[in-house]
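The tour goes from a single contact list out to the whole chain.

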Amino acid sequence: MAREIVKHVHSEEDTAQIASALAALLHPGDVVLLDGALAAGKTFFTRALVRALGSDETVTSPTYTIANVYETPAGPLLHVDAYRLKGAQEFYHLGLEDYIDTGICVIEWGERIKDYFDAPLSIRIGFGDTDTARTVTLSASAPRWTAVLEALA
């Protein structure tokens, strides 16, 4: 059974605080699937997460490159954009398993390849009632995420 928490944020700073709190709870091998409409803040969330993990690398959307890797003190963070992928098999053929096993993996448009992963954390970012307001919904069914969701609630 999936557990879900919903956060209503009013600014980019609020969104960055969620990313920062999550960063402190992530471990190598964790997979985070990010979803939401265009310009909802998926790359912004990833940028805040990478910074909270201790890297000052410039985080950009991997729309055209499909994958970027950022080195952090917590290990590598693999940032994937699955928008152009046709499914889990195409993702498999990218050959990114080593990064997935040894680093933290964040996948924008993750819903497109969710079947590839056994125990991801899903985050959906939706628009709120102002330009900067967002609804951030975090959900997971794997036991790995129970304590994480409780800490973020």
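Contact here means heavy atoms within 4.5 Å. The model is predicted.

Select Leu121 first. Leaving out residues up to four places away in sequence, Leu121 touches Leu22, Val31, Val32, Leu33, Ser139, Ala140, Trp145 and Leu149.

Now show the largest nonpolar core, a set of 31 residues. Leu121 is among those with the most contacts inside this core, together with Leu22, Phe45, Leu49, Leu77 and Ile123. At least two core residues come from each of β1, α1, β2 (31-36), α2, β5 (104-108), β6, β7 and α5. Apart from this core lies another, of 15 residues, including Val31, Leu78, Leu96 and Phe117.

Next, select helix α1, residues 12-23. From first C-alpha to last, its twelve residues reach 16 Å, close to the 16 Å expected at 1.5 Å a residue. Which residues of α1 are buried? They are Thr15, Ile18, Ala19, Leu22 and Ala23. Look down the axis of α1: the buried residues fall within an arc of 140 degrees, so they line one face of the helix. Glu13 and Gln17 are exposed on the face turned away from the buried side.

Finally, zoom out to the whole chain, with its five helices and seven strands. Along the sequence they follow the pattern β-α-β-α-β-β-α-α-β-β-β-α. The radius of gyration is 14 Å, close to the 15 Å that the globule rule gives for 153 residues, so the chain is as compact as a globular protein of that length. Of the 153 residues, 47% count as buried.

Methods. Residues numbered from 1 in each chain as written. Predicted model: local features only at pLDDT ≥ 70, side-chain atom pairs only at ≥ 80, totals over all residues. Heavy atoms only, no water. Helix = DSSP H or I, 4+ residues; strand = E, 2+ residues; numbered from the N terminus. Expected span 1.5 Å × (residues − 1). Buried < 20%, exposed > 50% of the residue type's maximum accessible area, 1.4 Å probe, protein only. Arc of directions from axis to C-beta. Core = buried A, V, L, I, M, F, W, Y, C linked by side-chain atoms within 4.5 Å. Rg over C-alpha atoms; globule rule 2.2 N^0.38 Å.
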